[in-house]
Amino acid sequence: MTKPRSKKALYIGLPLALAICANAGYAAWDYWFKDNPGYPAKVMKQADELQERMLSFDSHITVPMDFGTAGNEADKDGSGQFDLVKSGRGRLSGAALTIFGWPEIWNGDNAPHRPTEGFVDEARFEQETRYKIISTMVRDFPNQVAIAYTPDDFRRLHGEGKFAIFLSMLNAYPLGNDLNALDKWAARGMRMFGFSYVGNNAWADSSRPLPFFNDSRDALGGLSDIGKQAVHRLNDLGVIIDVSQMSTKALEQVAQLSRTPMVASHSAPRALVDIPRNLSDQEMQLIKNSGGVVQIVGFPTYIRPLSQATQDKLNALRARFDLQPLQGLEMALMPGDPVITVWSEQRFGEYASELYAIVDEEPKATLKDYGDAIDYAVKKIGIDHVGISSDFNDGGGLDGWKDVSEGRNVTAELLSRGYSEADIAKLWGGNFLRVWDQVQQSSRPVAKH
């Protein structure tokens, strides 16, 4: 006797339906929960939908010197924190890719080295290499990526589904005393310029003077004469002035001299981690008063203090090198004690290597820590003056935001804290674009230099 058709359908259809449901469930799990730092599915869904719609911008990503080479291709999902595949997956509209140059003290035999005559040339080579890397990526993948020279370019590229590159420069060191280099780089597309990195240079004092380079704090008293001239030149060129990593005196002088809004492209509140690299409440207020934006950086040790266990290890290291115990966190994060001025290169190298190895073992800060930093800045200077930056490829990266593919997790954290979609859009790029518009409108392109 044959089974009724309805029973046959039940025997065949039920397992099939269960399989389909299982597959659909797995797909949903894989999409909403894989690598999810712990947000409810509803929040993740809203974050993903918002990430699809809004313009999003990361104001500081360093281009590695080997980017675009075999194993680090721009169009492949590689091991780095930034590539076009990850950017697409994270629905990141664009980013400030930094043309960075700094004396590489660790290169060559018997490193590290104090500055030599070749350091400036080496730093310029780094700048040129990074510019070439970016230009090559734009040439090779014209359907995926382009340079945005204006805010309207950025918006247009977002509408076309292309990744928008905003050219940023960090560190005046490679420019020597050549003020006209700013004109050259602006003509090549540079739209933001940061005076400082680790160590003072001929233009400005750094928030992190490096005794190994014979630096002292506030050696210039803020900006040098060429640094002051550069403020006016950058205003004329329509280039945003980036005050991240500047000394307090230098930042205050930029605030006095500049007629356009300032941006801190990758900084954090000093109230959370008390180091000069971070911004005091007064410095953040100066940036707000200029009409500018503080782009909160996802750098673990700038948004959460080192654990006591790590500080204990560092103090043991300091004792071995005849240094006093830590008095705060400034010397915990860099080899900056004044006595290092008289150390040999070998002694400095041994100490610096061990210090950074200990700090690198510190557990990553989390998206909650990052949300706390954004909350603090918003409460102090308002939602219209805060933005988002990662510092990927130069130390940035959090638990839950390890690369550009995980931007929606930042959005989920903000949603979970009660930020509206409109406010999140301001944080993710709206505020920065407003400043960029203002800076370009204030330019004086007819000025001859």
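Predicted model: local features only at pLDDT ≥ 70, side-chain atom pairs only at ≥ 80, totals over all residues.
**Domains.** Start by colouring residues 41-304 together with 365-442, which the domain assignment gives as domain 1, and residues 306-362, given as domain 2. The centres of domain 1 and domain 2, taken over C-alpha atoms, are 27 Å apart.

**Interface.** Next, select the residues where the two domains meet: 19 residues of domain 1 are in contact with 21 residues of domain 2. Between them the domains bury about 1,500 Å², and carbon and sulfur atoms account for 64% of this area. On the domain 1 side, show Arg 114, Pro 211 and Thr 301; these supply 32% of the area that domain 1 buries against domain 2, more than any other three residues.

**Polar pairs.** Six residue pairs are in polar contact between domain 1 and domain 2, counting pairs with both residues at pLDDT 80 or more. The rule also finds one salt bridge across this interface. Now select Arg 217 and Glu 330, which form a salt bridge with their closest N and O atoms 2.4 Å apart.

**Largest core.** Move to Phe 193, Phe 195 and Trp 203, the residues that touch the most other members of the largest nonpolar core, a set of 119 residues. Then select helix 13 (residues 367-381), which gives this core seven residues, the largest share. Both domain 1 and domain 2 give residues to the core, so it lies between them.

**Second core.** Finish with Phe 57, Ile 240, Val 435 and Val 439, which are among the 18 residues of a second, separate core.

Methods. Residues numbered from 1 in each chain as written. Heavy atoms only, no water. Core = buried A, V, L, I, M, F, W, Y, C linked by side-chain atoms within 4.5 Å. Buried < 20%, exposed > 50% of the residue type's maximum accessible area, 1.4 Å probe, protein only. Helix = DSSP H or I, 4+ residues; strand = E, 2+ residues; numbered from the N terminus. Domains from an automatic or database assignment. Contact = heavy atoms within 4.5 Å. Buried area = accessible area lost by both parts, 1.4 Å probe. Salt bridge = Lys/Arg side-chain N within 4 Å of Asp/Glu carboxyl O. Polar contact = N/O pair within 3.5 Å; in protein donor to acceptor, adjacent residues only side chain to side chain.
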